[in-house]
Amino acid sequence: MTYLITGGAGFIGSALAHELVARGERVRVLDNLATGNKKNLADIVGRVEFVAADICDLPAVERAMQGVDYVLHQAALPSVPRSVQDPLSSHRANADGTINVLWAAKQAGVKRLVYAGSSSAYGDTPTLPKVESMIPNPLSPYAVNKLLGEYYNKVFHRCYGLETVSLRYFNIFGPRQDPTSPYSGVLSLFITKLLNKQTPTIYGDGEQSRDFNFVANAVQANLLACIAPNAPGNVYNVGTGSRYTLNQTLAMLAKIIGVEPRAEYTALRAGDIRDSQADITAARRDLGYDPKVTFEEGLRQTVDWYRTSGAAAA
Ligand code: UD2
């Protein structure tokens, strides 16, 4: 089978590329290298076809779609605060880019498209865990444009019969997550700071919680979503079902790394939400999803990766 991974040079996209190559599948990556990096594909170079293009460039996306069976649409401009700072760029990449990918996939007659949605769709609704049937309450431009992608997926399924599945990722972390941007995921920042004997920053009191999910679990969800018979047209939470506060997480990491769990506390970020935790009943039932890597094990593997890859170098 031929897989097109949009954003395949990014953190989650490159993890998908590695797994598919290991399974002997044909992989084409489309990436504009805005937040992705070819380094993420260095050890499978020559085994993936790389297309340098932006998902906003429809003709380029149409060309990349030729001969494709499955699309794993990961390309996006992530980060809630980035979208608060620059909502137009966030909308262009995440909303305009997504409808281009859907349109090209429909025209090319692909078998199925799996979309990287976001748990930010739930916003600050008080009920935990979050269930897919809850009314969304996006609280940032990023949350709005990722949710729009889900709606387009559903509509492309209904109107054009394109098989689409939306996965709502819950704070994915792991090897190859880029720690060099102020918009980087919190765990990549905490780990690299602690490894470099620097003090991580916590926005707020650190009692906000997240359902942190190791990247291998997200990879598993994507590949199951490509083939699950009842999945098209639906949205699935891809978390673990548990949650940890930032303070707890910092303490765990400090213990693994062997340093003091110190942090600098500062003002909350605009658009931030308090608590997040997935109900994964639907993904277990329809996809056979089973997040095998626990939070603690994922933290260990991630720390090992930053230590040995040199990616934590200050
Ligand atoms: C949101 C989504 C997530 C994914 C991600 C992509 C939620 C619940 N999650 O992640 O599913 O789509 O966006 O970007 O909406 N923080 C610190 N110190 C730092 C950096 C962050 O305290 O140095 C805090 C931050 O204020 C937040 C938490 O850590 O409370 C997690 O932040 P993040 O940027 O890693 O991810 P988040 O939850 O915005």
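Hi everyone, and a few ground rules to begin. Because this is a predicted model, local features need pLDDT of at least 70 and side-chain atom pairs count only at pLDDT 80 or more, while totals for chains, interfaces and linings use all residues. Residues are numbered from 1 along each chain as its sequence is written, and side-chain values use heavy atoms, with hydrogens and water left out.

Let's start with Thr 249. You'll find Thr 249 in helix α8, residues 246-257; helices (H or I, at least four residues) and strands (E, at least two) are DSSP runs, numbered from the N terminus. Is Thr 249 buried or exposed? Thr 249 has a relative accessible area of 0%, so it is buried. Here buried means under 20% relative accessible area, exposed over 50%, and partly exposed in between, with a 1.4 Å probe and protein chains only. Setting aside neighbours within four places in sequence, Thr 249 is in contact (heavy atoms within 4.5 Å) with Leu 187, Phe 212, Tyr 244 and Phe 295.

Helix α6, residues 186-195, packs with α8 at an angle of about 40°, and their axes are 10 Å apart. The axes are lines fitted to C-alpha atoms, for helices over the stretch in contact, and angles run from 0 to 180 degrees between N-to-C directions. So α6 and α8 are oblique to each other: under 35 degrees counts as roughly parallel, over 145 as roughly antiparallel, 65 to 115 as roughly perpendicular, and the rest as oblique. Among the residues making the contact are Leu 187 and Phe 190 of α6, and Thr 249 and Leu 253 of α8. By class, this contact of α6 with α8 has eleven nonpolar residues, one polar and no charged ones. For those classes, Ala, Val, Leu, Ile, Met, Phe, Trp, Tyr, Cys and Pro count as nonpolar, Asp, Glu, Lys and Arg as charged, and the others, Gly among them, as polar.

Now the other pair. Helix α4 (residues 87-108) and helix α5 (residues 141-160) have axes that come within 9 Å and cross at roughly 15°, so α4 and α5 are roughly parallel. The residues that meet include His 91 and Trp 103 in α4, and Lys 146 and Tyr 152 in α5. The α4 and α5 contact divides into eleven nonpolar, seven polar and two charged residues.

On to the cores. Which residues touch the most other members of the largest nonpolar core? Of its 66 residues, they are Leu 72, Leu 167 and Leu 287. A nonpolar core is a set of buried Ala, Val, Leu, Ile, Met, Phe, Trp, Tyr and Cys residues joined through side-chain atoms within 4.5 Å. A second, separate core of 20 residues includes Ala 53 and Val 101.

Finally, some backbone details. Most residues other than glycine have a negative phi, and most peptide bonds are trans. The peptide bond from Leu 128 to Pro 129 is cis, with omega near -10°, and Pro 129 sits in the loop between β5 (112-118) and α5. Leu 33, in the loop between β2 (26-31) and β3 (49-52), has a positive phi near 60° and is partly exposed at 34% relative accessibility. Lys 197 has a positive phi near 60° and lies in the loop between α6 and β8 (201-203); at 68% relative accessibility, Lys 197 is exposed.
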